[in-house]
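Hi,

Here is the two-chain model I said I would pass on.

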Amino acid sequence: MIDILKESRTVRWVGLAAIILIIIGALVPTWVMNNVMFGMARGLAVLGLMVLWRTGLISFGHALYFGIGAYAVALADFGLGVSDLFLRLLFAIGASVVVGFLLGFILRRYRSIFFAMLSLAFSMVLYGILAKMESLGSTDGFSVTPPTILGMEFEDKYALFVAIIVICFVSACLVQFYLKSALGYLTTAIRDNEIRVEYLGYSVRRAIHIKYVISAALAGAAGGILASSLGQVDPDSMVNWTVSGELVFVTIMAGAGSVAAPFLGGVVFQFLQTFSLQYFPDYWQFFEGLTLLLIIFFLPGGIWSLIQKLWVREDKSPEAAE
Amino acid sequence: MQEFITILLDGLTYASYLFIVSVGLTIVFGVMKILNVAHGAFYTWGAYSAAWAITAASEMELPDWVGFPIIIIAAILIGLIIGTIVERGVLQFMHGQDEVLIVLATFGMFLMSESIIKLVFGVDPYFAYQPTTVLGGTSIIGVYRDFYSLSLLLVAGIVAFVCWWSLNRTKWGKLISTVIFDREASLAMGINVNMVYLVVFIIGTAFGALGGAYLAPTLSVAPGLGIEVIVLSFAVVVIGGMGSIPGAVIGALMVGIIRAIAVHKLPEIELFVIFGVMAIVLIIRPEGLFAPAKARTI
C-alpha cells in the first residue's frame, strides 16, 4: 500500500496542496480559515458521495451519516465527556460504519432512482426521530464543547484547522488507494456494465456494499468534524433532506475526476455560500440551482474537468490526463 | 368513539390533500419517467399566487366566495405558465438522459424557484383565510369540523374521477396510454409525443398548484413551504407505486391515516412512521404496493 501511495502523482499533489493550505491558513484572517475548514469538512462527505457517483449511484440521503456522525460526537461529548477530536471521530465513524453496514445489505440491491429514494427514506426516518426527540433537544439540537487535540487544549482554532487538513489528506490518500485497487477499478466497470462484471466473477452487490460503507464512514467523519468545529448539532441543518441535496449539489459541481475535486468543490461552495448569504441572502438558492443546471448541461465533469483541461494543455504526457 | 371519528376525519382530510398534490407527481412520472423534485415548487407557486390573489380580492372588498374561483384559476394559470416554462425550457432537452441526472436538474429548478418566489412575493407570510369563513361548519357525532377542510375530500374525489375518466374514456387518455406503453411506436404512428409530454406536464403542474392553492387559506403561506411537501408526496407515490393513480389513492390514504393515528396517539413518531412505512414498502416491493411488476399502469 505504501509503495502505491509513494508512486502516485495524485498523492504527491494532494500532499503539496495540504502543506500549502496549512501555511496559508496561518497567514489569512480567521474568517477565511474558518471557511476553508468548514469547506474541507464538507468535502470529506462529498468525497464519500463521489465514491458512489463514480458507479452512477446518487444517494439523496447522505445527511443520514452526516447526522449520525454529528450526533455521535455530541453524545460522546455529552454522555462520556470525550473531548479529543480523534477519539470523537472514532465514535462518529464507528456509528456510521455500523449503520451503513446494516443498511448496505438492503441498499445494495437497488440502483438509480430507487437507490436515491430509499436512502432518502432512511435519512428522513432519522430526521423524524431527531426532530421529535425531546431528550436530544428536538429541533433546537444541543451544543458540543470545543475539542481538544491529542490531549492538548488550544486557544485559537488554528490547531483544529491543521488537524482537519491532515484528516482530509489521510482520507483522500486512503480513497485514492481504494480507487487504484482491483475493487476500486470495479467502480467504473459496474457503471458501464453490471452483467459483465458478474461474469468476470465479482459480486457487484458486495462491491457496492463496500463502496456504501466507505462513503458512510466519510460522511460520518465529516459530520463529526462539523459538530466539533461548529459546537452545535441540530436536525434541520444536519439531517434534513435539503442537507443531502446540498451534498449532492457539491458532488456534481466538483466533478468526480479526482480525490481532490470534492475538497476543492467543498471550499468553493463554502465561500460562494458565505458571500451570497452576506450580499444577497434571499437569492443564494437561485444561483445554486442555476449552477446545478448549467453544470448538468454544459460541464458534466464539474469544476475539476476545467482544471484537467488546463493541465493537459501544459503537460502533454499521457499520465497527466489521469 | 369521538377519538375514532377525529382520527378518521383528520386522516381523510390529510389524505385528500396528499392525493391532490401527489397525483401530479405520479402522472408525470408515469408518462415521462421524470421524478420531479420541482413539484414541491409548483405547490408553493399555487399557494402563493392563490394567497396573494385572495388577499388582493378582499382588499377590493369583493365577497369572500370569490376565493374559490380564484383558487381554480390560480392553479390552471400556474400549470400553464410554469409548466410550459419548465418543460419547454429544460426538461425537453433531457429526454433519454440518466433518470438520476433528471432528478438533479429538477432539484436545481426547485432551488431556483425558492428564490424567485421570495423575489416575487416577498418574505412576509400571507394569511388568506377568507374562503374558509364562507362555508361555516358542522358537528359530526360531537366532533366539530369546518366545511372548508371537509370540502377537500370532495375536491380529491373530483380530481380522482377526472383522472380516471379522461384516461379511460377520452381520446387524449388513449394517446397518453399509448405513449406510456411504447414511446417509439407512438412516434411512428404519428402521435406528437412532445405535445403529449407538454400537456401531461402542464396537467401535473396544475394539480400540484391546486394542492397548494386549496390549502393556502388554511396555512400561513411563508417561504420554505415546498420543502416538507415534496418528501411527503415522494413517500405517497413510492408507497402506492410510482406512476399509478390508484396507487396514489392508496398511498395517500395510508400516509394520511397513519399520520392521524400517530398525531393523536403518539405525536413523537409522526414523521418517523411515515418514512418508516416508505422504507419498508421500498424494501419489500420497490415498485410500490399497487403497481404491477413490469408494465406501468396509470
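Let's start with one residue: Ala105(B) is found in helix α4 of chain B (helices are DSSP runs of H or I of at least four residues, strands are runs of E of at least two, and both are numbered from the N terminus). Ala105(B) is buried, with 26 other C-beta atoms within 10 Å. Buried here means 20 or more other C-beta atoms within 10 Å of a residue's own, exposed means 12 or fewer, and partly exposed is in between, with C-beta atoms placed from the backbone. Leaving aside neighbours within four places in sequence, Ala105(B) is in contact with Val90(B) and Met94(B) in its own chain, and with Leu293(A) and Ile296(A) across in chain A; a contact needs C-beta atoms, placed from the backbone, within 7 Å. For scale, Ser58(B) is 47 residues from Ala105(B) in sequence and 38 Å away in space, C-alpha to C-alpha.

A word on conventions. This is a predicted model, so please keep in mind that local features need pLDDT of at least 70 and side-chain atom pairs count only at pLDDT 80 or more, while totals for chains, interfaces and linings use all residues. Residues are numbered from 1 along each chain as its sequence is written, and chains are lettered from A and ligands numbered from 1 in the order in which they are written.

Back to where the chains meet. In all, 35 residues of chain B are in contact with 35 residues of chain A. On the chain B side, the elements giving two or more residues are α4 (99–121), α10 (225–240) and α12 (270–284), and α4(B) supplies the largest share, 17 residues. That side of chain B divides into 27 nonpolar, 3 polar and 5 charged residues (nonpolar is Ala, Val, Leu, Ile, Met, Phe, Trp, Tyr, Cys and Pro; charged is Asp, Glu, Lys and Arg; the others, Gly among them, are polar).

The largest nonpolar core has 210 residues, and those with the most contacts inside it are Ala121(A), Ile164(A), Ala50(B), Ala235(B) and Met278(B). Such a core is a set of buried Ala, Val, Leu, Ile, Met, Phe, Trp, Tyr and Cys residues joined through C-beta atoms within 7 Å. Ala121(A), leaving aside neighbours within four places in sequence, is in contact with Phe275(B), Met278(B), Ala279(B) and Leu282(B).

Now chain B as a whole. There are 12 helices and 2 strands, in the order α-α-α-α-α-β-β-α-α-α-α-α-α-α. A compact globule of 298 residues would have a radius of gyration near 19 Å, and chain B agrees at 19 Å (taken over C-alpha atoms, the rule being 2.2 Å times the number of residues to the power 0.38). Of its 298 residues, 50% count as buried, and the C-alpha atoms fill a box of roughly 60 × 45 × 35 Å along the principal axes.

Helix α3(B), residues 67–89, has 23 residues and reaches 31 Å from first C-alpha to last, close to the 33 Å expected at 1.5 Å a residue (that is, 1.5 Å times one less than the number of residues). Its buried residues include Ile70(B), Ala74(B), Ile78(B) and Glu87(B), and the buried set packs against α2 (39–59), α4, α5 (130–135) and α9 (193–215) of chain B.

The two strands of chain B, β1 (137–140) and β2 (143–146), pair in the antiparallel sense over 4 bridges (pairing takes at least two DSSP bridges). Ser139(B) has Tyr144(B) as its bridge partner, and Gly137(B) has Asp146(B). The strands form a hairpin with 2 residues between them, and Ile141(B) in the turn has a positive phi of about 45 degrees.

Chain A comes to 15 helices and 2 strands. Its radius of gyration is 19 Å, close to the 20 Å that the globule rule gives for 322 residues, so it is as compact as a globular protein of that length. Buried residues make up 48% of chain A. Helix α12(A), residues 241–254, has 13 of its 14 residues buried, so it is largely enclosed by the rest of the structure. Just after this helix, Gly255(A) takes a positive phi of about 90 degrees.

Cheers

Terms used:
Contact = placed C-beta atoms within 7 Å.
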